[in-house]
Amino acid sequence: MHSAPTDCPQRTERFGWLGDMQAFAQTSMYNMDMAGFLTKWVADIRDSQLEDGRFPNLAPHPSDLDWLRWYNAEYGPAWSDAGIIIPWLTYLNYGDKRILEQQYEAAVRWVKFIHERNPDLIWRNSRGGDYGDWLNGSMTGLKEYPRESSEVAKDLFATAFFAHSTDLLSRMANVLGFTRDATRYAALYKEIKSEFNREFVLSDGRVKGNTQAGYALVLNLNLVSKDLRSKVTGYLLEAIQNYKGHLSTGMQTTHRMMLELTRNGHHDEAWRLINLRSAPSWGHMVEMGATTIWERWDGFKSDSTFQSPNMNSFNHMAFGAVGEWVWKSVVGINVDDEHPGFKHFIIKPGVIKQSAWVKGEFETIRGTIVSHWKQQNDKFEIEIQIPANTTATLYIPTSEFKTVKEGGRSVKRVGGIDFMGMQDDYAVFRVGSGDYSFESVL
C-alpha cells in the first residue's frame, strides 16, 4: 500500500481496485493505522467519480484506459460500493466523522445513479463491469468440483450491495444530523430489502442459486428476517458439504461466509475451513510453498503448473480479508457500531477445542486492547486490557456464571465489572478500563 492499495505488484495492473480494498478494508485497519491512508484514498475515489454518480473501479483513475479494453464500463457492484462502505468502516474504526462529511454528497449520487436506472429496486440495469463474486469456484481449474454451484447470480449479488449501500447511506445521514435524509434512505433500504426477498429468497429461506456466496451475503448484510437465519445457515452448511467440504466463494463473500458461520453458531466449521490443506483453501497455498496470499485459490497447482500465466498474482489482498474473521471471531476484538473509535467495544473470544491459546493486541486511537486467552481441559482463562476512558462488553465462555472469577475472586466482589446476563454459552459483562484476568469453567 504505497499511496494507493495495489492488488497485483508483479504485473502491469498496479491500480487501486475498489472491490479488492472494500473486501480487505477492515482487515487492513486491524493490522495497520489506516486513518491517514484511507482518508487520502477516499478523496481519490471522490475525485474519480463521474458526474452521473458512478464511482469508478479504480482510484486514482488513469486518464486513458483505451489500451485496457477489458476494464469494461469501469464501475460495478461491490467495487463502486466501496465509495460508501470504506468511508463508513473508517468512521467506525477511528471515530472521525469528517470523512463522512466529505464523502456524503458523492455517496448520495451513487445510490441515486442505481435507483434511477432500477426503479423496481432489483439492480438489473447499468451494472458496468459486473464482476460479481470474482474468483469464485467457477473460475478455478479444479475440475473435480461442481462449477455450476459456485457463482452467485449477478442480479442477486448487485441488489444485495445496492441494499447495503443504501442502508449505510441512511446511517451516514443520521450521524451527520440529516434527519430527513436518514429517514428517506432507511425507507428505501426497507423497500429494497423487501423486493430482494420477493425476488431471491423462498419462504423456507432457500436463496436463488443455492450457493455458498448467496447464503453468506444475505446473512452478512442482514437481508433476511431473524426467524429465517437458522434455516439459511443450515443451507449454507449444506452448500459447503456439496462442494466437498471446501469453499466455493470468491473475493467478496469468503470472509463474509467465515464471519457468518461463527456469528450463527458454527465457529467449529469456520475453524475447519481455515485449517484445510487441499485446494481450494489457504492451507493449500501454504502446502505449495506460499509466503503471501494468492489471487486465485489454485494459482499454483498440485502438479506444479500455473492455473493461468496471464492473471495470477501470488501476493494479493482479497482472500487475505479472512484476517477480519481472525481478529473478530478468534481473538474476539470487535468494534461497537454504536460507539465508533473504540470508545466502547466488544471482546468475544471464539473458543474451539483444537485451539489451546490465542494472543492478540490491537492498537486503537484510544490505546491498546489486549485479548490473551487459553484453555486446557474444561478451564478457560483470559487476560484483557481495556484502555483508559473506554469500556467493553466482555463475553466469557461458560454455562455457569458462578464459575467466573477475576484475579481468583468471584466477579461479584470486583469493582468495575457488571454482570449483564447469560447469552448462549457466554456470561456477559460490562467492564471498565484496566487490566483483568478472568477464568471460568467451560
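**Ground rules.** I'm looking at a predicted model, where local features need pLDDT of at least 70 and side-chain atom pairs count only at pLDDT 80 or more, while totals for chains, interfaces and linings use all residues. Residues are numbered from 1 along each chain as its sequence is written, and side-chain values use heavy atoms, with hydrogens and water left out. My helix and strand labels are DSSP runs numbered from the N terminus: helices are H or I with at least four residues, strands are E with at least two.

**Strand E6.** I began with E6, residues 391-397, and found six of its seven residues buried. Buried means under 20% relative accessible area, exposed means over 50%, and partly exposed lies in between, using a 1.4 Å probe and protein chains only. Next I looked up its partners; I call two strands paired if DSSP finds at least two bridges between them. Strand E2 (residues 344-347) runs parallel to E6, with four bridges, and His344 has Thr391 as its bridge partner in E6. Strand E10 (residues 426-431) is antiparallel to E6, and six bridges join them. There, Leu394 has Phe429 in E10 as its bridge partner.

**The six-stranded sheet.** Which order do the strands of the open sheet of six take? I read E3-E4-E5-E11-E7-E8, with antiparallel pairing. The edges are E3 (357-364) and E8 (409-410), each pairing on one side only. E3 and E4 (residues 367-376) run antiparallel and share eight bridges. Lys359 sits opposite His372 in E4. Helix H12 (residues 323-331) packs on this sheet and touches E3 and E4, its direction making about 115 degrees with that of E3. For contact I use heavy atoms within 4.5 Å. Axes are lines fitted to C-alpha atoms, for helices over the stretch in contact, and angles run from 0 to 180 degrees between N-to-C directions.

**Helices H3 and H5.** How do H3 and H5 lie to each other? H3 (residues 82-94) and H5 (residues 154-175) pack at about 45 degrees, with axes 10 Å apart, so I put them down as oblique. The scheme is: under 35 degrees roughly parallel, over 145 roughly antiparallel, 65 to 115 roughly perpendicular, and the rest oblique. From H3, the residues in the contact include Trp88 and Tyr91; from H5, they include Phe161 and Leu168. I sorted the residues of this contact into 10 nonpolar, two polar and one charged. Here Ala, Val, Leu, Ile, Met, Phe, Trp, Tyr, Cys and Pro count as nonpolar, Asp, Glu, Lys and Arg as charged, and the others, Gly among them, as polar.

**Loop residues.** Is Thr253 buried or exposed? Thr253 lies in the loop between H8 (229-242) and H9 (254-263), and it counts as buried because its relative accessibility is 0%. Leaving aside residues up to four places away in sequence, Thr253 touches Asp133, Ala213, Ala216 and Leu217.

I also checked for cis peptide bonds. One joins Ala59 and Pro60, with omega about -5 degrees; another runs from Ala279 to Pro280, with omega near 0 degrees.

Lastly, positive phi. Ala78, not a glycine, has phi of about 75 degrees, and it sits in the loop between H2 and H3. Asn210, also not a glycine, has phi of about 55 degrees. Asn210 counts as partly exposed because its relative accessibility is 32%, whereas Ala78 is buried at 0%.
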